[in-house]
Amino acid sequence: MKSHEYDKIFSKFTGVEGDLIPLLIQIQERDGYISPEAIRRVARFLKISENQIYGVATFYPKFRFEEPGKKTIKVCMGTACHVRGGKFLAEAVGWHFGISIGQKTPDNRLDFQRATCLGCCTLGPVVQIDEKIHPRMMVTQLMQMLREHE
Ligand code: FES
C-alpha cells in the first residue's frame, strides 16, 4: 500500500489506542494481510510500540501477517460441512499440495485456509476457491478442480 493510501485510512480515525483493531481490519481488507510496513505506520500513528500491536493482533486469528497466495482455497470445517466430509476435502488439498491449513505453496500460487462456516450449510461440504463457492464437493471432484488450477 502506498503512503497516501495509509493516510486515507488513518484520516478516518482519531489516533487513540482504541482505533487499533478497526484500523488493522481496514488494512487487512485492503491488502489481504498486515505487512511489517503497516505495523510500523500504525505504531507511529497510534504512538504505541510495534510489539504492542503484534501482542494484540496475534490474539485474533483473523489477522494474518504474511502475504496471501495468488489463489485462495478455503475448505469449510464448520459442523455441517465437517459431518459431511469436509475433513477429507481438507486432507485432499493438503496431500495434493504438500501444505497444511494456514500455509501457502512455496511458489505463492495457492493459499490454503479453513473456514468455520461459509453460510450455506445445507450445501455442504463446501469449498470456496477465491470468491466462488463450490457446493456438495466430493474428493474426486475437488482433485479434478485442483489439477485444473495448476
Ligand atoms: S458449516 Fe460449512 S457452510 Fe456452514
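**Reading aromatic pairs**

Student: Let's start with Tyr6: is Tyr6 buried or exposed?

Tutor: Tyr6 counts as buried, because its relative accessibility is 1%. Buried means under 20% relative accessible area, exposed means over 50%, and partly exposed is in between (1.4 Å probe, protein chains only). Bear in mind that this is a predicted model, where local features need pLDDT of at least 70, side-chain atom pairs count only at pLDDT 80 or more, and totals for chains, interfaces and linings use all residues. Residues are numbered from 1 along each chain as its sequence is written, and side-chain values use heavy atoms, with hydrogens and water left out.

Student: How many aromatic pairs does a search of the whole structure find?

Tutor: A pair of aromatic rings is described by the distance of the centres and the angle of the planes. Rings of Phe, Tyr and Trp (its six-membered ring) pair if their centres lie within 6.5 Å; planes under 30 degrees apart are stacked, over 60 edge-to-face, the rest tilted. Searching the whole structure turns up five aromatic pairs. In one of them, Tyr6 and Phe10, the ring centres are 6.2 Å apart and the planes at 35°, so this pair is tilted.

Student: Where do Tyr6 and Phe10 sit?

Tutor: They're four residues apart in helix 1 (residues 3–10), so about one helical turn separates them. Helices (H or I, at least four residues) are DSSP runs, numbered from the N terminus, and so are strands (E, at least two). Phe10 is buried too, at 9% relative accessible area.

Student: Which residues form one aromatic cluster?

Tutor: Tyr6, Phe10 and Phe45 do.
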